[in-house]
Amino acid sequence: MSDIPTAADARTIIDARNVTKHYGDVKALDGISAEIREGEFFSLLGPSGCGKTTLLRMIAGFDELTSGTIAINGEPMAGVPANLRPTNMVFQSYAIFPHLTVAENVAYGLRRKKLPKEELQREVEAALEMVDLGGYGPRASHAMSGGQRQRVALARALIMRPKVLLLDEPLSALDKKLREQMQVELRRLQRAVGITFILVTHDQEEALIMSDRIAVMFDGRISQLATPQELYRLPANRRVASFIGVMNFLDGTVIGEDGDAVHLDIAALGKVSVPKSQCKSRIDGTAPAHVGIRPEMLTILFDETEQAEREVTGTISDVVYYGDMTYYDVQLPGAEKPITISMRNTAGRAVLEIGATARVGWGSESIVVLD
Amino acid sequence: MTMVASSTSVASTAKPQKPRLNKDGASGLTLISPPLLYALLMLAAPLLMVITFSFWTQNYLDIDRTLTLKNYAEAWTDPLYRLLMLRSLAISGVVTVVTVLLAFPIAYYLSFRVTKHKALWIFLITIPFWTSYLLRVFLWKVILGYNGVFNSGLKMLGLITEPLTFILYNANAVVIALAHAWAPFAILPIFISLEKIDRSLLEAAEDLGDGPVRRFFRVTLPLAMPGVIAATLIVFIPTVGDFVTPKLVGGNDGLMIANMIQVQFGKANNAPLGAALAISAMLIVALISFVFIWLNRRFTTGDGK
Ligand SMILES: Nc1ncnc2c1ncn2[C@@H]1O[C@H](COP(=O)(O)OP(=O)(O)OP(=O)(O)O)[C@@H](O)[C@H]1O
Ligand SMILES: [Mg+2]
């Protein structure tokens, strides 16, 4: 939360207020408000069809808003066409011009600036170097691989030195290895050039790895806008929680509160007091509550010497072995469904079998209370 | 049927040896053989005949079959033939330019502005073809004639007192009639090449700072070029050899090379000279077409220039 000291007091570069966009009856965007800060790596994360691309296109200026306002760098963008906005886009399909060479593609936006030929060439080569494509300039654009096209698109946008770079799922067409490599590279590049990046993705892991802040979208609205850590630790509601990582949900009841603690009775775990900072839902009086626990916030106690704040005993109903980790499904007495527990496979630790009895350790810190 | 049987039996008897055609190749050949035969008979055979004719000589009712280049010498040196040839190329050129220039905005509108019922629009474009070509050329006579629709309309509006005469029985009339007749053939290839343009390329151009006009000339037009070239060839090649339109609405100074070829084969009874004229026209058109195809190749690959 405090890992970006400069971003917190940075200027707002994009200020979206109450942005809505309707396509006929479809509410693609339904009241989006967000402030994106200068120099940050911002991600729009959400399932397919939630309106991520639409929001990006509104910022780029390819479509008119139905209502609301977008200001870039303090200037209202209503009526400003895409070619006059200080943004550039890396398209999902890369949109490399097939009739131009790599260098001509990269130089496309600079041609209008009427630079001297040598300077233009130098800029293009520098942009290509930046994305590790030095020397590829004379190549035909159709002779480039998917990953290379992605870099050409990136160089073509970055050479314009935009205030904001918009990236619409730029990595989704790449294979896993290349994607992971490009995630790191994009992040490095963003830090190096200091340009605000807005990345659209439906891959929660990608968003967590790369972003300073993430807006999680569902059905045309932002459900939560937070740093990766906050999003993971304190998701705003069950929907966000289940979209980001794995979350066990348990039924409980609020039985009271005092000062900064909430007292809960959780069917599968028993009674516990939880700090109010771990409660995302409004607590008033006695009410049913949804309790969330991440798999890694629970431990299986392998022998008598291991201790935990609280303990319950259950039966292992499923085991999935991942090499470095093992995921156990443990059926606790009183719980509707088994809960998932992840354990690191450290040296000498055995993998338990289905049907074995397991002591599960947990604590008040493991728990969040959600809407 | 017999071909199928024989080719399979050959394949089965020749098993120990290497078969000359693999199974796919053989069945492919069998499949295309009827149309292939048809094409050979209907296209190549007459062409070969015309070529052969062009090297012979007509002696009144007989044909002298000694090979000679005399016909070609006449075809290429006689000022009348040369005039007709150049005029044909000029009229076709103008028709092509006019047709493509008119077709492009229509194709553009269809592809970029029409969102619903595109198929219906294309269908509407083909409606003029429901009547015969001859009928349509005759209709142009009615429209452009001395007392035609066009002239009486202008007279009624008081814009002219005497009928305009430069619109019928000359090259202008040929251009108008041909451009109208070939417009759909130009619209369709251009439309298809515009449809094939990935819309995100246009957005990318806009995103990189181009206004609508620059974007058109830097992205849309170059990418539509294959369609434009195709339209150009589709209109140019057949109109050079058209003889119905010039004959009906062209008057004397609208006559084209095909009219002369017809005369040679008919009234003048000099088929060899007609053949030489036809082959010469074909060679010229082929040459021009190759230039266009070469241009097309340059536009469609990103590594040219
Ligand atoms: N031009 C359009 N006309 C009609 N509906 C549209 C149009 N563009 C988007 N929509 C609708 O708006 C909603 C949001 O679309 P959008 O493309 O923003 O989704 P997305 O979050 O980018 O999804 P994905 O991850 O699949 O790319 C969808 O329901 C989509 O069907
Ligand atoms: Mg999208």
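I'll start with a contact that crosses between chains: A:Arg57, A:Asp63 and B:Glu203 are linked in a network of salt bridges. A salt bridge here is a side-chain nitrogen of Lys or Arg within 4 Å of a carboxyl oxygen of Asp or Glu.

Some ground rules before I go on. This is a predicted model, in which local features need pLDDT of at least 70 and side-chain atom pairs count only at pLDDT 80 or more, while totals for chains, interfaces and linings use all residues. Residues are numbered from 1 along each chain as its sequence is written, chains are lettered from A and ligands numbered from 1 in the order in which they are written, and side-chain values use heavy atoms, with hydrogens and water left out.

Now chain A as a whole. Its secondary structure comes to nine helices and 20 strands. Helices (H or I, at least four residues) and strands (E, at least two) are DSSP runs, numbered from the N terminus. The C-alpha trace of chain A spans about 75 × 50 × 40 Å along its principal axes. Of the 371 residues in chain A, 49% are buried. Buried means under 20% relative accessible area, exposed means over 50%, and partly exposed is in between, with a 1.4 Å probe and protein chains only.

Back to salt bridges. How many does a search of the whole structure find over all chains? The search finds 17.

A:Arg161 pairs with A:Glu123, and their closest N and O atoms are 3.6 Å apart. This pair links distant parts of the chain, since A:Arg161 sits in the loop between α5 and β7 (164-168) and A:Glu123 in helix α4 (residues 117-130), 38 residues apart. A:Arg161 is exposed, at a relative accessible area of 60%.

A:Arg151 and A:Glu185 form another salt bridge, with 3.5 Å between the closest N and O atoms. Here helix α5 of chain A holds A:Arg151 and helix α6 of chain A holds A:Glu185, 34 residues apart. Are these two residues, A:Arg151 and A:Glu185, buried or exposed? Both are buried. Please remember this pair.

A:Arg239 belongs to helix α9 (residues 238-243) of chain A, and A:Asp219 to the loop between β9 (213-218) and β10 (221-226), 20 residues apart. A:Arg239 counts as partly exposed, because its relative accessibility is 43%.

The loop between β9 and β10 of chain A also holds A:Gly220. A:Gly220 counts as buried, because its relative accessibility is 1%. Its C-alpha atom is separated by 19 Å from that of A:Ala71, 149 residues away along the chain.

Next, the empty space inside. Rolling a probe the size of a water molecule over the atoms shows where empty space is left. On a 1 Å grid over the protein atoms alone, a cavity is a set of points where a 1.4 Å probe fits but cannot get out, and lining residues have an atom within 4 Å of a point. Grid points are joined across faces, edges and corners, and a volume is the space filled by probe spheres set on the points. The count comes to three cavities of 30 Å³ or more.

The largest cavity holds about 60 Å³ of space. Its lining includes A:Ile14, A:Phe42, A:Leu55 and A:Ile222. β2(A) gives the most to this lining, with three residues. By class, the lining of the largest cavity has eleven nonpolar, no polar and no charged residues. Ala, Val, Leu, Ile, Met, Phe, Trp, Tyr, Cys and Pro count as nonpolar, Asp, Glu, Lys and Arg as charged, and the others, Gly among them, as polar.

The second largest cavity has about 60 Å³ of space. Among the residues that line it are A:Met130, A:Leu154, and the pair I asked you to remember, A:Arg151 and A:Glu185. Which helix gives the most to the lining of the second largest cavity? That is α6(A), with five residues. This lining divides into six nonpolar, no polar and three charged residues.

Last, a helix in chain B. In α10(B), a kink of about 50° lies at B:Met225, shortly before the proline B:Pro226. The bend at a residue is the angle between axes fitted to the seven residues ending there and the seven starting there.

Technical notes. On a 1 Å grid over the protein atoms alone, a cavity is a set of points where a 1.4 Å probe fits but cannot get out, and a pocket is an open set with protein on both sides within 12 Å along at least five of seven lines; lining residues have an atom within 4 Å of a point.
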